Amino acid sequence: MRHIPIVCLAFGLSVAPAFSSDVIALGASNTLGRGKGAGHGGVDRAQAYPAQLEAMLRQRGCKARVVNAGVAGDTPSGMAARLPKLLTKQTKVVVLQPGGNDRGPERASALARIEQLLADRKIALVTLERPGQIAPAYQLSDGLHFSAEGHTAFASYLLPKVVSAGACS
């Protein structure tokens, strides 16, 4: 999310507006909506599952804001490093889509750090693992990314989990 500074002319001060997020979607290219590299497969951010999830929450009368914190090519280690700066007092739920950009003990360690940070702050964690099993018919030809319909399937899958986790309370 881009912050636009507010300038207070009376005092010459510049203040960034409060960053409010009830739900943070943390992940790699499938969270962002776009792929990385020559193919750049995927969808626009407005069609990615975080935006669709926010729209579905709003349709249910929930005013939760979903922030898309996806970064193409990111790893769980990168996500763990970025997460503390994303969290606010308003954050109730983090949707984690760790992606497949790394494997092994570093991945497990990073995921454990994310879980611990959220537990310490009493923020619920909802995980989106194995997106290919949730929306296999909507996988793009690169075998990694998904169409807008796939992102709709992800948002539909996540909706009850995010609501149950407290995003709307």
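Predicted model: local features only at pLDDT ≥ 70, side-chain atom pairs only at ≥ 80, totals over all residues.
Which residue stands opposite V23 in β5? V93 in β5 holds that position.

- An open sheet is formed by 4 strands in the order β4-β3-β5-β6, with parallel pairing.
- Its edge strands, β4 (66–70) and β6 (124–127), each pair on one side only.
- From one strand to the next, the twist averages 20 degrees.
- Strand β3 (residues 23–27) pairs with strand β5 (residues 93–97) in the parallel sense, over 5 bridges.

**Helices on the sheet**
- Helix α2 (residues 49–59) packs on the sheet and touches β3, β4 and β5; the direction of α2 makes about 170 degrees with that of β4.
- Helix α6 (residues 148–164) lies across β3, β5 and β6, and runs at about 160 degrees to β6.

- The whole structure contains 2 aromatic pairs.
- Y49 and F154 form an edge-to-face pair, at 6.2 Å centre to centre and with 85 degrees between the planes.
- Because Y49 lies in helix α2 and F154 in helix α6, this pair ties together parts that are 105 residues apart in sequence.
- F146 and F154 also form an edge-to-face pair, at 4.9 Å centre to centre and with 75 degrees between the planes.
- Y49 and F154 are both buried, and F146 counts as buried at 1% relative accessibility.

**A charge over a ring**
- K161 lies over the face of Y157, at 4.6 Å from the ring centre.

Notes
Residues numbered from 1 in each chain as written. Heavy atoms only, no water. Pairing = 2+ DSSP bridges. Helix = DSSP H or I, 4+ residues; strand = E, 2+ residues; numbered from the N terminus. Axes fitted to C-alpha atoms, helices over the stretch in contact; angles between N-to-C directions. Contact = heavy atoms within 4.5 Å. Phe/Tyr/Trp six-rings, centres within 6.5 Å; stacked < 30°, edge-to-face > 60°. Buried < 20%, exposed > 50% of the residue type's maximum accessible area, 1.4 Å probe, protein only. Lys NZ or Arg CZ within 6 Å of the ring centre and 35° of its normal.
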